[in-house]
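Hello,

Here is the structure I said I would pass on. My notes follow below it.

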Amino acid sequence: MMVWISVLSIGLLLWYGYLFVQYNRNNGYAILGFIFKIIAGFALGLIYKYHYGGGDTFTYFHESEIIANYLLRF
């Protein structure tokens, strides 16, 4: 189930990126800004994951896994 949600999310991100590029075709700065924002988001996630050892997002994810596994037993 989680794989399909990830595939759907990546597909929506690519679709939004395509529409954004088509709308801002003549504005190179907007496209560079969009690409920079995506890269910065991934970089921030990597910093929290490997430098700080976690954060709120990772803590919520692991706690929700415990609850989901408990509920899937029934």
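In α2, the buried residues include A30, I31 and F34. Buried means under 20% relative accessible area, exposed over 50%, and partly exposed in between, with a 1.4 Å probe and protein chains only. Helices here are DSSP runs (H or I, at least four residues), numbered from the N terminus.

This is a predicted model: local features need pLDDT of at least 70, side-chain atom pairs count only at pLDDT 80 or more, and totals for chains, interfaces and linings use all residues. Residues are numbered from 1 along each chain as its sequence is written, and side-chain values use heavy atoms, without hydrogens and water.

The length of α2 checks out. Its 24 residues should span 34 Å at 1.5 Å a residue, and the end C-alpha atoms are 33 Å apart, which agrees. The expected span is 1.5 Å times one less than the number of residues. After α2 comes G53, with a positive phi near 80°.

Next, the aromatic rings. Rings of Phe, Tyr and Trp (its six-membered ring) pair if their centres lie within 6.5 Å; planes under 30 degrees apart are stacked, over 60 edge-to-face, and the rest tilted. That rule gives 4 aromatic pairs. Y48 and Y52 make a tilted one, 5.3 Å centre to centre with 50° between the planes. Y48 is partly exposed, at 37% relative accessible area. Y52 is exposed, at 55%. Y16, F20 and F34 form one aromatic cluster, and F34 is among the buried residues of α2.

Best wishes

Conventions: Helices (H or I, at least four residues) and strands (E, at least two) are DSSP runs, numbered from the N terminus.
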